[in-house]
Structures are given as C-alpha cells and as structure tokens.
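Dear colleague,

I am handing over the structure below, and my notes on what was found in it follow. Please read them with the model open beside you.

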Amino acid sequence: MKHAYIIIALALIANTAGAQSFRKGSVLISISEGTSYTTFSTSAPFENTTGSSNNSGSNNGGDVLHTGNITGARDPLTIEYGLTDHWGLGINMGGDIYHAEASKYYGFQCKNNDIKIITSELTLDANYHFFVTRHFDLAAFASLGFSSVSFKGNDGDHAYNYNAGGLLVRTGTKARYYITKRFGVIGMLSTFATSNSTEGQKGNTVGNNYTTTIKGSAIEFGLCYRVRR
C-alpha cells in the first residue's frame, strides 16, 4: 500500500508539471483596464514661466513647480514570451488619460480651464513567474521604456498643443487565473515613475520648456490568452 501511495504521488506531480499555466515557449497576451493614482507635477525654468504660483511649496534651483494628485484611466496591451519555465520577456503598449487644470499645470487659460492629457508608453518587461500551477500564475515584473505626454485643443480662435517625451520605469506583480486551457483573467498592481521633457519636440504652442513628471501606482484587471503551450 505504501508503494501505491508513492506511485500515485509521483503521477500527480508529473501530471501537474506537464500542465503548468506558464513555461518555456509560452506566449501570453493580455488586455486590461484600470486606474492610476498619481502625483502629477510640472516644472519649468523660472524665466520661462509667468503668472504661476508655487503651490507645492518648493522652489528648487529656480524651477517653478506645481504638484497635485490626479487619478487617471489606464488601458494597456501586454505580450510576453517564456524564455524559461520561470522567466519571460515582454512588451507593454498603452497609456493613461488624465484631466488637469490648464492654468495651474501649464500656465495658460482655456475653456473651462480643463485639459485632457494623454500619456503613452512602450516598455520592455522582464517577468519572473515564482508561483505557477495548472490554473494560477503569479509573477513579478520590472519595466523600462519610453513615454510621452500630450494634449491639444481649440479655445475659440486659439489652438493649443503640447508634446513631451521621456523614460518610464514600472515594477509590480501580475496574477493570472485560467478559466479554460487558454483563456483567463488577469489582475495587476504596479508602481511607476516617468519624466517627460519638451526638448526636441516641435509644434508646441503652450508649455514650452515645461517638464511633466508623473509618479504613482496603478491597479488593473482584464483578460488574458495563452497562444502556445
């Protein structure tokens, strides 16, 4: 009887090992939506900013800053390939949408004093899957890549346009649960930081020489699909 238990246990282990939700060669695609909770800041050389107040209470090296807490809507697409049974390499494409007061953050007036700010990002992601079963996959990740911040509009006879670019760093965790062999649900928690400058950008009519810095955390939920294995 003892030998029978051992044989059954070994069979269960072999069956589980052969049906992992992530392993070498896996291709994972996920689409999610969520919310970003941020500290949103703008800065510019003092001589390039007029009529702005230092609401953050700091004046660092002549820079004029405005800082506030802004909540954004997030919508990324992620693709990952399994390099080993635990490590995966992927790309993330997406961004956030924020609403901010034009006069406070960028020093100009527009209708309703409200601007819709769109951020975009393209990052390379390193993922470590530290807990994997048949249906459940828990991973930690770190991302590095490019980001941009932009907004534009028309206030009567006056059009306004702002573009800035920079780098983004993000770290966090992902949890996937597979309802079927290939389809599942995903949840993500992350923290991130990005700084975007207008240097080298053309066509800006407002916020010239303004740098936009965004730091915060995000929570996301969505759907995932395993293409292979």
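Leaving aside residues up to four places away in sequence, Asp-137 touches Ser-21, Phe-22, Leu-28, His-129, Phe-131, Val-132, Lys-174, Ala-175 and Arg-176, where contact means heavy atoms within 4.5 Å. This is a predicted model, in which local features need pLDDT of at least 70 and side-chain atom pairs count only at pLDDT 80 or more, while totals for chains, interfaces and linings use all residues. Residues are numbered from 1 along each chain as its sequence is written, and side-chain values use heavy atoms, with hydrogens and water left out.

Asp-137 belongs to strand β6 (residues 136-155); helices (H or I, at least four residues) and strands (E, at least two) are DSSP runs, numbered from the N terminus. Its relative accessible area is 0%, so Asp-137 is buried, a term that stands for under 20%, with exposed for over 50% and partly exposed for what lies in between (1.4 Å probe, protein chains only). The side chains of Asp-137 and His-129 are joined by a polar contact of 2.7 Å, that is, a pair of N or O atoms within 3.5 Å, of which, within protein, one must be able to donate a hydrogen and the other to accept it, and for which residues adjacent in sequence count only if both atoms are side-chain atoms. The C-alpha atoms of Asp-137 and Gln-20 are separated by 8.6 Å, although these residues are 117 residues apart along the chain.

As for the aromatic residues, the whole structure contains 12 aromatic pairs, counted when the ring centres of Phe, Tyr and Trp (its six-membered ring) lie within 6.5 Å, with planes under 30 degrees apart taken as stacked, over 60 as edge-to-face and the rest as tilted. One of them is the tilted pair of Trp-87 and Tyr-128, at 4.9 Å centre to centre and 55 degrees between the planes. Because Trp-87 lies in strand β4 (residues 87-101) and Tyr-128 in strand β5 (residues 114-132), this pair ties together parts that are 41 residues apart in sequence. Trp-87 is partly exposed at 44% relative accessibility, and Tyr-128 is likewise partly exposed, at 33%.

Finally, the charged end of Lys-174 sits over the ring of Phe-141, 4.8 Å from its centre, and that of Arg-226 sits over the ring of Tyr-178, 4.6 Å from its centre; the criterion is NZ of Lys or CZ of Arg within 6 Å of the ring centre and within 35 degrees of the ring normal.
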